[in-house]
Amino acid sequence: MSDPVDERLVDTLRSARNVVALTGAGVSAESGIATFRDDETGLWSRFSIEEFGSPEGFARQPGRVWEWYVERRDAMLRARPNPAHLALARLERHVASLTVITQNIDGLHQRAGSTRVLELHGSIRTVRCGAADHGPFAWPEGRALAHCPVCGAPLRPNVVWFGERLDSGRIQAADRAAQECDVLLAIGTSGLVAPAATFPMTARAHGARLVDINPVATPLSRHARHVLRGPAGELLPPVVAAAWPD
Ligand code: BJW
């Protein structure tokens with residue numbers, strides 16, 4: 001038998017006007033996409049951050065990093081939104097506003113039907129020039145490393161690596177949404193990477209209630225009003241369904 005739904009959380013959600021969902025790799029884990037920091041299964045336990053998660057790694061070995069992203073892109077295009085993505089899309093229909101602030105590049109929130117999604121770390125759908133401010137461009141045909149149509153430098157995925165600046169418009173929009181929300185759902189993120197990890201604190205400082213949905217405790221957990229310990233695809237849908245049965 002599944003656990004009973006937390007009625008206090010259902011009430012919190014039902015009375016919320018503005019909701020933010022801050023999502024990380026864990027929200028897509030049940031779609032079969034690897035997370036970064038989980039023991040054994042996380043990408044960073046098998047691949048070096050310096051090599052695959054930094055602009056310096058790309059500058060040293062663009063072809064190797066490109067290949068890694070081609071493989072991951074294949075997996076992301078094959079993947080389908082899971083019940084957690086779908087529950088967020090459903091939640092959007094019931095509250096005055098729902099902003100999904102995602103650290104994921106897989107596009108699964110949009111494919112599930114969420115319409116207001118801020119992709120903080122970019123997107124696997126597009127590429128840009130690895131040397132200058134050219135692009136974004138559609139992902140090129142084929143699997144081999146391609147080159148910028150403007151200057152001929154190697155193309156790179158349109159994502160944000162460590163030490164790189166995030167899009168300032170998206171950061172401002174995310175910060176505003178965090179300041180204005182009544183409830184922030186932190187779903188499937190280790191809460192270790194800035195600036196994404198600062199938004200729950202911003203929301204809390206402005207009076208929002210935090211909800212932590214994750215199989216394990218994170219640095220965000222102790223600030224949360226409600227904690228759901230387990231897979232988001234199992235725990236989130238019954239809460240949304242209990243708040244708005246239809
Ligand atoms: C489930 C589940 C299930 C499993 N259901 N849950 C010192 C202090 C503070 C900050 C810094 C510092 N030194 C450097 C920094 C800044 C740095 C940073 O934060 N570093 C920290 C690691 C210390 N940040 C940056 O560099 C950022 N840029 C920046 O700050 O720019 C400033 C600047 C200013 C001026 C000039 C220049 C720069 C950029 C960060 C970029 C991160 N990039 C990546 C790769 C993106 C592309 C790609 O996807 O390939 O983003 S790294 C990786 O980490 C990826 C993720 O989006 C990000 C966060 O990871 P996430 O999503 O939380 O995943 P995991 O794996 O960590 O956690 C998954 C969770 O899910 C776990 O908790 C599981 O338990 C859970 N889970 N199954 C629910 N079924």
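Predicted model: local features only at pLDDT ≥ 70, side-chain atom pairs only at ≥ 80, totals over all residues.
Domain bounds here come from an automatic or database domain assignment.

View 1. Domain 1 puts eleven residues into the contact, and domain 2 puts in ten residues.

**View 2. The ligand lies between domain 1 and domain 2.** Both domains give residues to the shell around the ligand, so the ligand is placed between them. The largest pocket is the space that the ligand takes.

**View 3. The shell around the ligand holds 34 residues.** Y69, R72, S190, A194 and N214 come nearest to the ligand. By class, the shell residues divide into 18 nonpolar, ten polar and six charged.

**View 4. Side chains of S190 and H121 reach oxygen atoms of the ligand.** For S190, a polar side-chain atom lies 2.6 Å from a ligand oxygen atom. For H121, a polar side-chain atom lies 2.8 Å from an oxygen atom of the ligand. S190 is also among the residues that come nearest to the ligand.

View 5. On its own, the ligand has 1500 Å² of accessible area. The protein covers 74% of this area.

Terms used: Residues numbered from 1 in each chain as written. Heavy atoms only, no water. Near = heavy atom within 4 Å. Polar contact = N/O pair within 3.5 Å; in protein donor to acceptor, adjacent residues only side chain to side chain. Areas by Shrake-Rupley, 256 points an atom, 1.4 Å probe, with all protein chains shown as cover. 1 Å grid on protein atoms, 1.4 Å probe; cavity = no way out; pocket = protein on both sides within 12 Å on 5 of 7 lines; lining within 4 Å. Sits in = over half its atoms within 2 Å of the grid points. Nonpolar A, V, L, I, M, F, W, Y, C, P; charged D, E, K, R; others polar. Contact = heavy atoms within 4.5 Å.
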